[in-house]
Amino acid sequence: MIEQRLSNQRGTGDHGWLYSRHTFSFAGYRDPQQVGFSDLLVINDDQVAPGRGFGAHPHNNMEIISYVLEGALEHKDSMGTGSVIVPGDVQLMSAGSGVTHSEFNHSKSDNVHFLQIWIVPAERNTAPGYQQVSVAEQDKRGNLRLIVSPQGESGSLQVRQDMRIYAGLFSGDEQQTLTLAADRYAYIHVARGSVEVNGVRFSAGDGARVRNETALTFAKGNDAEVLVFDLRPLEVNHPQR
């Protein structure tokens, strides 16, 4: 079953310098029917204005993933990490027992557009950590490329949970099928463009909970960029963050 949720059904946060669409309950957006899915707690679709950003702030016991769509985002944290991530880059910060970080857009003219994703970890109060990888466009073109996994296989980032994230780009005749184990859930998020999944049309910002499906076929894309989350089959009502 593919339970689709359209882009305009998401929550909204408009702070002037930051415009965000919330797939699940976050900050001022509260919906008791949209409090994560399995171990996936947050997908925030954020646009940060030039010369603005998130000042230093703390997190703990969360796997925080940033996936840049446009622009350049500077990251600094209390572990001493400093980096700038651009389209194609994926960043994973394991907050563990506690970490402070900031994210900033240094451009004088261009927004940064990125997805901020939170995963509930399998263990609490572990040592904080930082990872980053750059995934070439050709590796995602007409393909679902593994970018996050529990063991860090195939060059993916290692997450502290039994879940996987795939990223793909689809246009025209490009097509790919992801096989799911019978006892797994999935979540689909279309970051931009449009695509069909098992014959269901998705546009930018649309998402879907997936249960009781053994395969997801992505086809008939129009400049589509998608993320697919392979998740444990849990119906969890997480505390709202």
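This is a predicted model: local features need pLDDT of at least 70, side-chain atom pairs count only at pLDDT 80 or more; totals for chains, interfaces and linings use all residues.
Local features need pLDDT of at least 70, side-chain atom pairs count only at pLDDT 80 or more, and totals for chains, interfaces and linings use all residues. Residues are numbered from 1 along each chain as its sequence is written, and side-chain values use heavy atoms, without hydrogens and water.

**Overall build**

The protein chain has one helix and 20 strands (DSSP runs: H or I of at least four residues, E of at least two, numbered from the N terminus). Of its 241 residues, 54% count as buried (under 20% relative accessible area, 1.4 Å probe, protein chains only). The C-alpha atoms fill a box of roughly 45 × 40 × 35 Å along the principal axes.

**Cavities**

A search of the whole structure finds two cavities of 30 Å³ or more. A cavity is a set of points on a 1 Å grid over the protein atoms alone where a 1.4 Å probe fits but cannot get out; lining residues have an atom within 4 Å of a point. A volume is the space filled by probe spheres set on the points, which are joined across faces, edges and corners.

| Cavity | Volume | Lining residues |
|---|---|---|
| Largest | about 50 Å³ | I64, S66, Q91, M93, H101, E103, F114, Q116 |

β6 (63–70), β9 (89–94), β10 (99–104) and β11 (112–119) each give two or more residues to the lining of the largest cavity. That lining has three nonpolar, four polar and one charged residues. The lining of the second largest cavity has one nonpolar, four polar and three charged. Here Ala, Val, Leu, Ile, Met, Phe, Trp, Tyr, Cys and Pro count as nonpolar, Asp, Glu, Lys and Arg as charged, and the others, Gly among them, as polar.

Methods:
On a 1 Å grid over the protein atoms alone, a cavity is a set of points where a 1.4 Å probe fits but cannot get out, and a pocket is an open set with protein on both sides within 12 Å along at least five of seven lines; lining residues have an atom within 4 Å of a point. Buried means under 20% relative accessible area, exposed over 50%, partly exposed in between (1.4 Å probe, protein chains only).
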